[in-house]
Structures are given as structure tokens and as C-alpha cells.
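Please consult the sequence and the structure shown below while reading.

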Amino acid sequence: MIKHYEISGTDFANGGEASSDFKTVLKKLGVPMDVIRKVSIAMYEAEINTIIHGHGGTCDAEIMPDRVVITFKDSGPGIKDIDLAMQEGYSTATDQIRELGFGAGMGLPNIKKYTDDMQIETSEGKGTTVILTIKL
Amino acid sequence: MYFHSVALDSDKCHGCTNCVKGCPTEAIRVRDGKARIIKERCIDCGECIRVCPYHAKISVTDPRTLTQVCKHNVILVPPSFYGQFEGVSDVNVILTALKKIGFDDVYEVARGAEYITAATARLMEEGKLPHPAISSACPVMNRLISVRFPDLIDNIVNLISPMEIAAKMARREAAEKTGLPDRDIGVFFVTPCPAKMTSIRTYMFLTEPVINGAFSVNELYAEIRAAIKKIDKPEKLARASIHGISWGREGGECAGVPSPRVIHADGVNNAVKVLEQLESKDIDADFIELSSCPGGCVGGPLNVENPFVAAARMENMIVAHEDVDPLGEFDIDDMMWKKDLEPVYIMRLDDDFTVAMGKMEEIEKIYEHMPRLDCGACGAPSCRAKAEDIVRGYGREEDCIVKMRERLLELLKEKAKKDYIGD
């Protein structure tokens, strides 16, 4: 089963709507709360990344009997140096975004921490796809 | 299996959907023109009582004749009750009036609250509180957590409520004073909300009931007001301090917690927001006070006075320093839950994950073709809830009047085409 979400590129106020809706779905399915918590945190971070860096995109969250696979896709600028982006505290967010309290450089590290697998496909100027897998 | 104080007066119900839309656990549906409460989901918050324009939602409390059963009757008075009477700033006046209308004695729940404050502080100092700790004082919140946030049950402080501890103390004192056996002592509560009534009947955390029954504030109000007018010199009955009294409004409980890291939220939907956040990540707080009613207990749906006016009045209650009776020794074990709060997984579609998945897919499919107006005309609170109802077997797609109109238009079109072509 796949839940599809559109993520608006400018909408900070509504950031987190996809992760919050998906959390309700998992609860209704009876997924244990510790798993839901991991999904929520990782998904929220990825959603905010899609807004800030990807200027919006899509999210497809697929539920399988043994795992959840969530794919975030954007057509933003792409990630120049993935290794650098994975470092805690490193961020390319603009001052304007930092003033809003985002851009602490913990997005990708947190996603990695709370998922069982994370794949990044990126190409400069074309966009980024991040695939998160969490075991059930 | 479930007792609920919140009930429907069917004759008064117009079948509108005000209550359906306002229910925080989506526990109400309109069927055959009348609102039905899904018992498993109801948390007795009384939001429906508040919003019903026809006063069709009621709270079932006990008849006053119940006091005839016992020889000595004590009434437990919650602090929010003190704010109900215009021009009265002396607690003694209100307590004296309660004796005048027939109760043999009074006991302030505010005093029970002071014991809970002391017990909470001790548990916190000993490091025995969960982190963050959620107050157990509001029965609606306990039910809400058990049905919507079962994973947060362990965060609730496992102390009984101020009302229950007050009832225990009142019983002991009455037995000492009168020499009567416990069965001859009646302990009653004047309740600002249906949830307290429910918690008295079901005594969730105790193995046996400690309170005989409850009467609603609005039921006793007129009688007490009349009695107040006739009082020349009130008896000295008040013993609780202003700290205990402040529990009647939101934030009052937090004020007694020995930590500055406290959160208090009032109103059931605000409380839900705090719990949702706590569920996904840790909140920077040691103690969380949640009350279902806006403004705290003063906002109870069975109260008479405007909650903001009542809260201000409570703030200015005069308690003579010499009247405050210091707390005696207390046994914390006596205040602990004797039964745990059980999780209720009503939101789950099925206990079996694969079956639940199948149902979820079906819901998504049905929802996709819904008008998504959330008009409520089908009797469900939203199109999504309706889709879920259909899959759970509670409703039919034909209930949707928007879809029905579309179908009707299609039929008319087809008929017009046929008429034009001719059979």
C-alpha cells in the first residue's frame, strides 16, 4: 500500500503534514509505537529537507508486511558533496532559513540514525531522491 | 462493560451534526436522525454537552434520594465550586450552605489536592516519577490517553485523584466523629463534569468504590444560592489553603510541583496536541498538567458560572490563615493506584497487521471517490471517518448525499437522452 504526498516548496508552516498523516495510518494498522516514533522523526526531517533544499517535491510512503519504504523526490539543486552533507552540523541553508530555526545541519544525520537504511541519489541541478527504509 | 455519564436525550435530538463534528475521539454518529455514542470511544469529556444547541446531550448523575440510604452524609466539594457564586468570597459561606441544604458534613477536595501535591513532590524528590510525568487528576485525560495514546500510559503519575483521596479522608474522619460503621457513612461529590461521575461509578484505579454518588453543580446551584442568602454567620468549616483551591483552574496543580519545567494545557484539543508531540519525541518538561475543560475544572460543562469569571473569583477567595489546617502524616501507598490503566486499542483497524493493511487500502480507495467536503450530512464527522466506517461495517456509501446527487443527475441525463432518442 502506498500513500502519496505532495510537498509544497515554500510552506514551512505546514511542514510535517505528510509525516503526521502517515503516523495516523501506522497507528491504525497497529504498528508498535517505537517503530512509529522512528518513522515520524526520519520522515519529518526528510520532509523539511524537501521543503528547504529541494524547493518542494513528492513523498511516497509504502507499507509492506516487513518494512516501510519512504521515497522523497525533488527537482532542486541536488547535493554537491554527500559526505559533507552527512556530517552533523553541516548545512547549506540560507541565513533566512536559519533565522526560522531550521538548518542546524542535523537533517541527514538524524534520518540515518532513525532508519535501517538510507539511499541518496542526487545530481547537481537536477534534483535529489532520498529513500528511507524502516523495518517493522 | 462501559458506563458513561454522557448520554443522549433522544426526544431533544434534532439529528444535526454539531456534536459529531466537535467530538475529539470521533465517537458520535447520526443514525436514523439521532446522535449515537460509540461507547468504546467516548471519554466523557462533555464537549457534546457544550456544543449541542438543543441541550440533547446530558450528563447522568445520581438522584438526591440516594442520601437517604446512609445515616451520615458528607459532601465533597471541588475547588471550582467556590467560583460559582456571585459576591461570595468566603469559602465558609459556601460550605455552610451545603450543610443547610441537608448534608451532615463537608470535606474540601482542595485538601485532597494538597495531599496529592505533597505526594507528587515526594515522589519527584525520590526520583520515582516517570519522565515527563503526566498528571492523573483529570479523568478525561486518563481515558483519552488509554484510547488514543496507549503508549503514554506509563507517563501518567499513578496517584489516585484529589477527589478520591478526599473521600478516603472524609470517611475516616466521619467514622471517628460519629462512631458509625463505614456502611452507614455516605460520601457524595458535587460534580462539575460528567467524567468525574463516570470515574466514581467505575472507580478506575481502586479495587472498591469510596464514593457513593454524585450530584451535578447545576442541579444543586439554585438551592445553594437560596441557602447562602439566609446565612447570617457562617460556620468555620474551611480548612484548605489557597494552594489546594487553585487546583480548580488550569495551572493550579503545576504551581505546586517542585520544578520550573512544567507544561499546562487546557481544552481537550490543546491537550491532544501536547500528547501528540510527546508521542513522537521527548518534551522538555518534568511535569505536564492537562485538563480537558477550557480553563481547568472551572470550565466543567456542568458548572453554571462563566469559567473566566469563576476563575477570577476563585483567585480572590479569602482563606483566613488561622483556618488552614496543616496536612497530617500521610501514607503514600494509600494514595497509589490499586489497578493499572488498561490500553484500549479502538483506533486499530484490526489486531492482525495484514488484515488491517487490507482494510486501510480499502479505506483509501473509498476515500478517493468521496467529495471530501466533510459536510457531516451522512452522520460521520468527515469523509475520511465515513470511509473508515464503511470498511468497519458501520456505514454505507449510499449515505453520502453529495454522491447521491451526482448519481441522480446522471440518471436524469440518461433519461433525457433516452427520451430524446425515443425507445
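In what sense do E4(A) and E5(A) pair, and over how many bridges? The two strands pair in the antiparallel sense, over seven bridges.

## Basis of the report

This is a predicted model, in which local features need pLDDT of at least 70 and side-chain atom pairs count only at pLDDT 80 or more, while totals for chains, interfaces and linings use all residues. Residues are numbered from 1 along each chain as its sequence is written, chains are lettered from A and ligands numbered from 1 in the order in which they are written, and side-chain values use heavy atoms, with hydrogens and water left out.

## The sheet of chain A

Chain A holds an open sheet of five strands with antiparallel pairing, in the order E1-E2-E3-E5-E4. Strands (E, at least two residues) and helices (H or I, at least four residues) are DSSP runs, numbered from the N terminus, and two strands pair if DSSP finds at least two bridges between them. Strand E1 (2-7) and strand E4 (117-123) of chain A each have a single partner strand, so one side of each has no neighbour in the sheet. From one strand to the next, the twist averages 10°; axes are lines fitted to C-alpha atoms, for helices over the stretch in contact, and angles run from 0 to 180 degrees between N-to-C directions. One of the bridges to E5(A) joins A:Thr122 to A:Thr128.

Helices lie across this sheet. Helix H1 (residues 17-29) of chain A lies across E1, strand E2 (57-63) and E3 of chain A, at about 165° to E1(A). H5(A) lies across E4 and E5 of chain A, and its angle to E4(A) is about 145°.

On a 1 Å grid over the protein atoms alone, a pocket is an open set of points with protein on both sides within 12 Å along at least five of seven lines, whereas a cavity is a set of points where a 1.4 Å probe fits but cannot get out; lining residues have an atom within 4 Å of a point. Grid points are joined across faces, edges and corners, and a volume is the space filled by probe spheres set on the points.

The lining of this pocket comprises 39 residues, and A:Asn49, A:His53, A:Ser91, A:Thr92 and A:Leu108 lie nearest the centre. Helix H2 (33-52), strand E3 (67-74), helix H5 (107-114) and strand E5 (127-135) of chain A each supply at least two lining residues. H2(A) provides the largest share, with seven residues.

## The parallel sheet of chain B

Chain B contains an open sheet of four strands, ordered E6-E5-E8-E9, with parallel pairing. Its edge strands, E6 (105-108) and E9 (213-216) of chain B, each pair on one side only. Strand E5 (residues 72-77) of chain B is joined to E6(B) by four bridges, and B:Ile75 has B:Val106 as its bridge partner in E6(B).

Helix H6 (residues 162-178) of chain B lies across E5, E6 and strand E8 (185-191) of chain B, at about 150° to E5(B). Helix H7 (residues 194-202) of chain B lies across E8 and E9 of chain B, at about 155° to E8(B).

## Cavities

Rolling a probe the size of a water molecule over the atoms shows where empty space is left. A search of the whole structure finds seven cavities of 30 Å³ or more. The largest cavity has a volume of about 380 Å³ and is lined by 29 residues, with B:Ala137, B:Cys138, B:Lys196, B:Trp247 and B:Cys297 nearest its centre. Among the elements of chain B, E11(B) gives the most to this lining, namely three residues.

## Local features of chain B

Strands E2 (residues 28-31) and E3 (residues 34-37) of chain B run antiparallel and are joined by four bridges. They form a hairpin with two residues between them, and B:Asp32 in the turn has a positive phi of about 50°. B:Asp44 also has a positive phi, of about 60°, although it is not a glycine. The peptide bond from B:His131 to B:Pro132 is cis, with omega near -15°.

## The contact between the chains

How many residues of chain B are in contact with chain A? There are 18, and they meet 17 residues of chain A; contact means heavy atoms within 4.5 Å. The two chains bury about 1,600 Å² between them, 60% of it on carbon and sulfur atoms. Buried area is the accessible area (1.4 Å probe) that two parts lose on being put together, summed over both.
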